[in-house]
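Trainee: Could we go through this structure together, taking the interface, the pockets, the cavity and the salt bridges in turn?

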Amino acid sequence: MKRKGFLKHSEYEQDFELNIASVIDCFVVLIAFILISSSFFSIGIIDAEVAGASEVAASDAGSLVVELKADHSILVRSSESPKNERILPKQAAKGIAWDFEGMAAALKAMKEKSPELKSAVVMADNAVTYRDVMASMEAAKKEVSSVNLGGF
Amino acid sequence: MLKKTFLPTQVKNEQMALQITSMADIFVIILVFLLKSYSVEGLAYEPSVPLTPPMAHGRIDQTDGLKVEISAKAVNLAGKSVSPVSDFRFAKGDMDSNGASQSLRRALAKTRPSVVSGPKGAKLIVVADAGAPYETIKAVLSSAASEGYNDIQLAVAHAE
């Protein structure tokens, strides 16, 4: 009998396979965990310049003011002029809806008229939802760089 | 010649190996993709109460801060319920003359010394459900402002 050390290379060569079933199990568990934990959401931040009531009134000077009314109409005015521009709600498939495009157009027109107006304050009636307030802020941001919350 | 069915059947090789290498590759790619997407897109956050914040294009801010969560049933501060609300509204007896919530003010005042202050002052992140009325948001913001929280941020679900 030959000593193992003297065997030819081809005589003791073996086929081998990695058993990666356990690794697959781990991956499946990890992926399932990540997908199930979809209650996690990534948050973005919007700055709300908050001030007391008197300070808000003072900060209104030199800015555009957007007021969201409970009847889905929007009042847009500049602090320079007391004249309001009323944006009426538009008809949508699910009933009446906010006309944020009209609001943005009104803001643009006012800004072109008075270029010194560089910020806007969004106010809303008590019944207006946070979703609509955020949507109006988002629409206003397309025309005005600084949009703050007000009315408190 | 014998019929084919009468021939002794050959013993088949019982050992079989599944070729799962390609599946492993796919899992690795999915896993890496999921992990990367969670780490890059803003601050991953799980609210302590069930709520759905509004979608908006907010800026990404990786710095954390004290969070006040507004849901239909409770207002939580740092994960603890501080003000019971009914259908997003504070109890009338809880409101002061300035439109702020007294219970929330007390909780904010208690937490104020331990809150990290940024350049603007004490930071507070408001995480509110999209269906919350502006009345409640105003009450929370008013409570925070009156307790000296000057850096108030609104958290939104980060839109793509």
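Trainee: How many residues of chain B are in contact with chain A, and how many residues of chain A are in contact with chain B?

Mentor: Before the counts, note that this is a predicted model, in which local features need pLDDT of at least 70 and side-chain atom pairs count only at pLDDT 80 or more, while totals for chains, interfaces and linings use all residues. Residues are numbered from 1 along each chain as its sequence is written, chains are lettered from A and ligands numbered from 1 in the order in which they are written, and side-chain values use heavy atoms, with hydrogens and water left out. Taking contact as heavy atoms within 4.5 Å, the counts are 53 residues of chain B and 39 residues of chain A.

Trainee: How much area do chain B and chain A bury between them?

Mentor: The size of an interface is often given as the accessible area lost when the parts come together. Here buried area is the accessible area (1.4 Å probe) that two parts lose on being put together, summed over both. Of the area between chain B and chain A, 67% is on carbon and sulfur atoms, and the value is about 4,100 Å².

Trainee: How many residue pairs are in polar contact across the interface of chain B and chain A?

Mentor: A polar contact is a pair of N or O atoms within 3.5 Å; within protein, one must be able to donate a hydrogen and the other to accept it, and residues adjacent in sequence count only if both atoms are side-chain atoms. Salt bridges, each a side-chain nitrogen of Lys or Arg within 4 Å of a carboxyl oxygen of Asp or Glu, number zero between chain B and chain A. For polar contacts, with both residues at pLDDT 80 or more, the number of pairs is six.

Trainee: Which element gives the most to the side of chain B that touches chain A?

Mentor: Helices (H or I, at least four residues) and strands (E, at least two) are DSSP runs, numbered from the N terminus. Among the elements of chain B that give two or more residues to this side are β8 (121-128), α3 (134-146) and β9 (151-158). With ten residues, the element that gives the most is α1(B).

Trainee: Which elements give two or more residues to the lining of the largest pocket?

Mentor: On a 1 Å grid over the protein atoms alone, a pocket is an open set of points with protein on both sides within 12 Å along at least five of seven lines, and lining residues have an atom within 4 Å of a point. The largest pocket holds about 280 Å³ of space, and its lining includes Ile24(A) and Met23(B). The elements are α1 (21-36) of chain A and α1 (21-40) of chain B.

Trainee: Which element gives the largest share of the lining of the second largest pocket?

Mentor: About 250 Å³ of space lies in the second largest pocket. Of its 13 lining residues, those closest to the centre include Ser81(A), Met110(A) and Lys113(A). The largest share, four residues, comes from α3(A).

Trainee: Which residues line the largest cavity?

Mentor: A cavity is a set of grid points where a 1.4 Å probe fits but cannot get out, and the count comes to one cavity of 30 Å³ or more. The residues are Ile46(A), Met137(A), Glu138(A), Lys141(A) and His57(B).

Trainee: What is the N to O distance in the salt bridge of Asp125(A) and Lys69(A)?

Mentor: The whole structure has six salt bridges over all chains. Asp125(A) and Lys69(A) link distant parts of the chain, 56 residues apart. Their side chains meet with an N to O distance of 4.0 Å.

Key. Points joined across faces, edges and corners; volume = space filled by probe spheres on them.
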